[in-house]
Amino acid sequence: HDLKTITARFSWASALRPLKADYDLLQENHDQLKQSFSATRGDYLREVTFLRDQLQKRKDPDSNLNKIGDVDCRIFYDPIVTLTDDELQYVTSVIKEKLKMI
């Protein structure tokens, strides 16, 4: 039994502990990248929204509803596609609640 314990501890110390340290470092870097991506995505959305608002000729979105073919702003970026499934579910519920308030 002692030999098994010594072998397991030696294996852990020589092979697995360095891998665990590497894994922990990689996990920390991945978490930082996810946070950075999330912040960058938010900044990009704010910039796109600002630029779209500048390009729009109208201030009231309902003013051009009856004018077929009169599009004042082409939209190519859809921020919804960058969301994870959990984020999409949350955003969908928030939009539903906001629509109920109108």
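Modeller: A helix, in the sense used here, is a DSSP run of H or I with at least four residues, and helices are numbered from the N terminus. The model is predicted. On that definition, the secondary structure of the chain comes to two helices and zero strands.

The largest pocket holds about 220 Å³ of space. Its lining consists of S38, R41, G42, L45, R46, Y77, P79, I80, T82, L83 and V91. Helix α1 gives the most to this lining, with five residues. Sorted by class, the lining has six nonpolar, three polar and two charged residues.

R41 pairs with E87, the closest N and O atoms being 3.1 Å apart. Because R41 lies in helix α1 and E87 in helix α2 (residues 85-101), this pair ties together parts that are 46 residues apart in sequence. R41 counts as buried because its relative accessibility is 14%, and the cut-off for buried is under 20%. E87, at 28% relative accessibility, counts as partly exposed.

R46 meets D43 in a salt bridge with an N to O distance of 2.2 Å. D43 and R46 are three residues apart in helix α1, so about one helical turn separates them. R46 is exposed, with a relative accessible area of 55%, whereas D43 counts as partly exposed at 43%. In general, side chains of opposite charge can pair when their charged atoms come close.

The whole structure has four salt bridges. One of them joins the side chains of K100 and E97, at 3.1 Å from N to O. K100 and E97 both lie in helix α2, three residues apart, about one turn of the helix. K100 is exposed, with a relative accessible area of 63%, while E97 is partly exposed at 40%.

The accessible surface comes to about 9400 Å², of which 61% belongs to carbon and sulfur atoms. Elsewhere, W12, L16 and L19 make a nonpolar surface patch of about 300 Å².

Technical notes. Residues numbered from 1 in each chain as written. Predicted model: local features only at pLDDT ≥ 70, side-chain atom pairs only at ≥ 80, totals over all residues. Heavy atoms only, no water. Patch = residues over 30% accessible without salt bridge, like charges linked within 9 Å, V, L, I, M, F, W, Y side chains within 5 Å. Areas by Shrake-Rupley, 256 points an atom, 1.4 Å probe, with all protein chains shown as cover. 1 Å grid on protein atoms, 1.4 Å probe; cavity = no way out; pocket = protein on both sides within 12 Å on 5 of 7 lines; lining within 4 Å. Points joined across faces, edges and corners; volume = space filled by probe spheres on them. Nonpolar A, V, L, I, M, F, W, Y, C, P; charged D, E, K, R; others polar. Buried < 20%, exposed > 50% of the residue type's maximum accessible area, 1.4 Å probe, protein only.
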